[in-house]
Amino acid sequence: MTEGFTAVDLTCSTPPKTASKGRGMDFEQPIFSVLTGGLRAQQAGGTTAVTVGATSDTESGIFSAESELCVEHDSELDWFCGTDQKPVCSECASSGACRGHAVTPLATRVTAVRNQLVDVCEKMQLQAKRIEGFIEQTLSTKEQKLQSAASRAREQVLAQISAVREALEEEEQRLLEEVQREEERVEQCLLTQRAHWNHALTSLTQTRSHLVHTLTHTSDAQLATSLQEIAERVEKAEGVGEPRDTEQLSLNTACSDSKLLRGLWATALLLGPKAYRSPHLKFDERTVSPLLSLSEDFCTLTFLHKKSRQPLPYDPARFDCWPNALGSMSMSSGTHTWVVDVGQSGAFKVGVCYASLERKGSGNEARLGHNGQSWVLSHYDGDYSYCHAGKKVPLQVVKRPQKIGLLLDWPSQTLLFYEPDSNAVLYSITQQFNAPLLLACAVTDDSITILH
């Protein structure tokens, strides 16, 4: 009998109990289904197999076929019906309920099951060895490497922090000494001025008292002959001069200026945990020029070519000639930081302005950086510059920045332009701002975006 035929050779009523030990046979039901139900007592098509003194094969978990008889034919269950997935006798297979089904000798079936179990156990054993090897070798090695890498990372952090701390301590000492020297200088100037003007005041008071006495107690004849003396005293009084305030009498704030400290300060604010901390900063659509389009999230400005432009309703807040737009959030206290992604734009301006900036016309009053109400970093034709009141300060940029960070610190009246990717301060100013400020941008190539 060959597995896969649909009929049984009736001349072989008792097939051989041994079969070739070929492995990997294709069965219609998964092996574990057979183990749990295929060889147990089943009832199908009116044929019932009963176990007679069945004993369990502890190695395979399969009942021994020699201990089972067919209830209908009282014959040994030495065949296996693949269609019904149960042991049957030869009569059931040839003329009974399993006639025409795919049957195979039970011994062949059992041998195949055993061989598959051996394969499964071997695979499990190999998998177990791989797992053991992974645990003992890979994971142990990884753990050692982890400890080593973590130790190096800690050392690197501590070394960098130590270097920064040392530089800051030295800078702190230098700046404090510079402030102390400046304070002593101004104090000395004040003392000198105080002594001078106290002496001048005494001299002036004495001269005035003498002249008043001369005026009230001198006879006319004597007064007429005292003109020379009076003139000398008046000349002496006029020589005292008028007191006036000078910059020498005030502390020069540049004594506390430090490029290192300013850079670290900007880095801490723009790259630290509170970076991009102006989540509500967006463009005010009322201000957006008709030369620009505004994204749905109010964060991206895109320059429009002539054919793409659409007329916009009149709004007194809208720029009508220059490709400008202003932010929606007014800033007049605290510290504000934000980053603008300028991407590949070849022409843009980013900065701040007063809300009173002119919006209409093509004059410089509405042109960012060309009036006293706006402070911007400009990029045009490959050049970078800081622009305010029509004056440009060229900026040396080693690498074209993809992002421009801005920091506005109201308490110190500082505006700083920053390049986040290289940690470079592009430009900074200290300006006495006398009104709230708004984000101000312009673009005539590609687009720019406020990042959050």
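**Close-up 1. Pairing of C81 with V103 in β6.** C81 has V103 of β6 as its bridge partner. The model is predicted; local features require pLDDT of at least 70 and side-chain atom pairs pLDDT 80 or more, whereas totals for chains, interfaces and linings use all residues. Residues are numbered from 1 along each chain as its sequence is written, and side-chain values use heavy atoms, without hydrogens and water. Strand β4 (residues 79-81) runs antiparallel to β6 and is joined to β6 by three bridges. Strands are DSSP runs (E, at least two residues) and helices likewise (H or I, at least four), numbered from the N terminus; two strands pair if DSSP finds at least two bridges between them.

**Close-up 2. The open sheet β5-β4-β6.** The three strands of this sheet pair in antiparallel fashion. Because β5 (86-88) and β6 (103-105) are edge strands with a single partner strand each, one side of each lacks a neighbour in the sheet. From one strand to the next, the twist averages 35 degrees (axes are lines fitted to C-alpha atoms, for helices over the stretch in contact; angles run from 0 to 180 degrees between N-to-C directions).

**Close-up 3. Q85 in the loop between β4 and β5.** Q85, a residue other than glycine, has a positive phi near 55 degrees. Q85 is buried, with a relative accessible area of 9% (buried, under 20%; exposed, over 50%; partly exposed in between; 1.4 Å probe, protein chains only).

**Close-up 4. D446 in the loop between β18 (437-443) and β19 (447-451).** D446 is not a glycine, yet its phi is positive, about 65 degrees. D446 is partly exposed, with a relative accessible area of 41%.
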